[in-house]
Amino acid sequence: MYPYPRWRYSSIAVADAAGRKMLSPHGTKTTMTGNSNKLRGLFLAALMVLSVFAMGATFSGTVAADHANDQPHDETVADGTTYWLGQTLLHNGQADSTYEVRDSDGTLVSQIQSDSAGHVVIDTELTGTGNFELTGPGINTAISFEVVEQSLKAEISPERANNAGTDTTTTVTLRSNRANYQVEVTSENLDQNDLHSIFSGSSVYAGQSPDGGILLNGSNKQTVTADFDGIATGDYNLSFDVVDSTASATGSVAARQPEEGDISFAETVMVNERGDKLLMTLEFSGDVNQGFVTLGDSNEVNYEVTATVQPNSDGMVTLVWDTSLSADGTHGGLVKAEKGSLVSTNVVDSVSDPVQTGEYPVSVQIDDSTGTETDIATAIVEERSTEGISTHTAPAGLSGSDAVAAMSDSENGNTIAVTQNVQDKLIVQFTASGLGGYVDSQADLDPGSGNGVSLIIQENGDSVDVNEDPKTLLPSNAGYYDYDAETDTYTLVFNVGSLVQEDDDIGDTYDVVFHVDSDTQEVTSEDETVAGQFNLVRGQASFDLQGEKLMVPAEDGATVTGTSTWAPGTQLSVQLRSVGGQSPFTQQNKSIVVSADGTWSGSFTLADKPDGQSFQASLRHSNAGTQHEVKGQIGELSASVSFSDQTAQDAGTLVIVDSVTLSEGGFIAIHDAQGNIVGVSSYLEAGSHSDVRVRLDEPVEDRVTLEAMAHKDTDGNMQFGFVATDGAEDGAYTSGGSPVTASATVGLSTPTPTPEPTPEPTATPEPTPEPTATPEPTPEPTDTPSDDEETPGFGLVVALVALMAAALLAVRRDN
């Protein structure tokens, strides 16, 4: 390669004094005659060559110095450098030479002809983005460079600004993938002076541009303050163009005259109890950024506090009036602002105790010097109260709000299921108003906290062992605490593990007492106490058995049921594993949940399992492990009943069931036509029984239809418990899904078989005197007194009767 650009090496003819060529353009010697001529020619040639080199060196230095100064460009291309699409790149090369730009695949992208000064100008808008190499005269190793596209995004917030007064500024945020750049801001309806007024206050303002805009220095994320104070009302579109790349963005701002401001109360009537915190929300609109609130009135209620407030970005202020601190001489109970800012307070008229119940006027104004109110409201302070207390339970694995959500399903919250290793959660809830200013945390509920409010959880005296202190739970040790200001409800969730130190502790009773002490508590005139209790019961779960066995029908959706003392929502799992047989199987249901009434159920797919198949059933608690294991069998318990028409015995109180067969023992219950149970047999062992006597609760009064139903002894206690448990225990034997029953017509027996003939003797009284109508034949039996067959006494009676009859006849004749 040449040590200088190629354009410097033009062909030069070196000649002697006689004009003969002595050196070719490439320095080749020529032939001469005579030594003197040779020496002279050599000398002249050397002078000419030195002159040419000296001129070339001088000219080359001058041109090189001018290369970078007389050609507009953004960057001088350098090996391994990244440039931005739209930039103009310059390489100082050889004059009037051809250079090539190729992409990373070697494909020609552009040919560039250098000018007479050797300027090689690369327009990146023509090359596009990518990796490129520049080659050409004077470049020993290809110059590699990269071109990428610059991104630019302009965000303006808010898009509205006042052009006078307050809220005249907005923020422009420029985002780009380029670290440093300069952007020109222009607008069709804003001149350069307007743009200068808007942006000159920004720290990144870089002056005015030649094109009528202004310049800003940008970065990856550049925030720029734009102030439209004094700008004419209108909608303005702003253009943001990077000066040396193709990146650009736009945004718009509406410049408006300030709106007339206002402040109003979100609610005109605000109510809370004495001792609680009452919230007052103000809404700001228009060009207003400060308000003045007056609470109370010295003349009307002998209490008055003023406050200066400022809204948040949403134009809101929410003041907190803590009525328990209304006697404070510094703030009068206006303690803070939950939204916006509480700038200052001033107690105009103070009280010595927390404000009494009643209505307190509240007003707000924009300018405290004018006294013009923009809105008024009323704060009502009511009497506080203590409503009640309750205990609940939740599964052992839950905590915090999850435990509280689960407790709503509990119907038996006064029992907490525990073992020494696993304990359900205890949840205590009580409702008491007017304590919001005194109870800020659960520790404020500890006995002895000094605020006159306490929650006491302590072992009942009947459960305390001799010479031992009662066990307690402190509110400060609760795992979860919540106060609902709308309902005045306090909720605490406890872990009761500390109460179960030994197995004997299971069964203990605990008192839960919430107390408000009037001697200490300023807003309570009388002591208030609400109380509850809970018991620690042994946590367990069990299957519903048919006798001593778990029977499950051979069907899809076959249901296995049971009961549990664990909290509603507790997760249980049941596994059925076959024992022997031709078709071994194992099925598991892990989605069983204890319901609110303490029962549980799970379904299994057993349609393809043979009747009589034995299995082992296992019931597990998700945290406490195995709860119950029993033997089971595929199929249903069987029963048959025969009950024939009959006459009830024992004055209609006893019926006889002809025959009963029970596969696992149980009972026969007699149902009337309405389905009511009117009689139950004694316990019947498994097997067949005949002439089963069932005593009825009430005697039958007429011929009725009764139904004999076979019932199981599901709890195995040989006592009929179907009625007492509302059907939960000792349900009916079934066949094909229906109860096993038999019906009969039962009548009432009577001691007189033919009651109708009874009145006949009184129906015909006339024949009765017939024997006295013929007195003459009466003596006939006396004609044979000697008859040995007659009884002597009987003849005498007949004679006396005859004599009396004759006397009567004689008397009649005399008359």
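Colleague: Which side chain does the side chain of Thr661 join in a polar contact?
Modeller: That would be Ser688: a polar contact of 3.2 Å joins its side chain to that of Thr661. Keep in mind that this is a predicted model.

Colleague: And where does Thr661 sit in the secondary structure?
Modeller: Thr661 is part of strand 49, which covers residues 654–662.

Colleague: What else does Thr661 touch?
Modeller: Leaving out residues up to four places away in sequence, Thr661 touches Ser638, Ala639, Ser640, Gly687 and Ser688.

Colleague: Okay, new topic. Where is Lys425?
Modeller: Lys425 belongs to strand 32, residues 425–432.

Colleague: Is Lys425 buried or exposed, and what is the nearest side chain of opposite charge?
Modeller: Lys425 is buried and has no salt bridge. The nearest side chain of opposite charge is Asp424, 7.6 Å away.

Colleague: Then which backbone oxygens lie by a polar atom of the Lys425 side chain?
Modeller: The backbone oxygen of Ala396 lies 2.8 Å from a polar atom of that side chain, and for the backbone oxygen of Leu398 the distance is 3.2 Å.

Colleague: Which residues does Lys425 touch?
Modeller: Not counting residues up to four places away in sequence, its contacts include His392, Thr393, Ile416, Val493 and Phe494. Ala396 and Leu398 are also among them.

How values were computed: Residues numbered from 1 in each chain as written. Predicted model: local features only at pLDDT ≥ 70, side-chain atom pairs only at ≥ 80, totals over all residues. Heavy atoms only, no water. Helix = DSSP H or I, 4+ residues; strand = E, 2+ residues; numbered from the N terminus. Buried < 20%, exposed > 50% of the residue type's maximum accessible area, 1.4 Å probe, protein only. Lys, Arg positive; Asp, Glu negative; His and termini not counted. Salt bridge = Lys/Arg side-chain N within 4 Å of Asp/Glu carboxyl O. Polar contact = N/O pair within 3.5 Å; in protein donor to acceptor, adjacent residues only side chain to side chain. Contact = heavy atoms within 4.5 Å.
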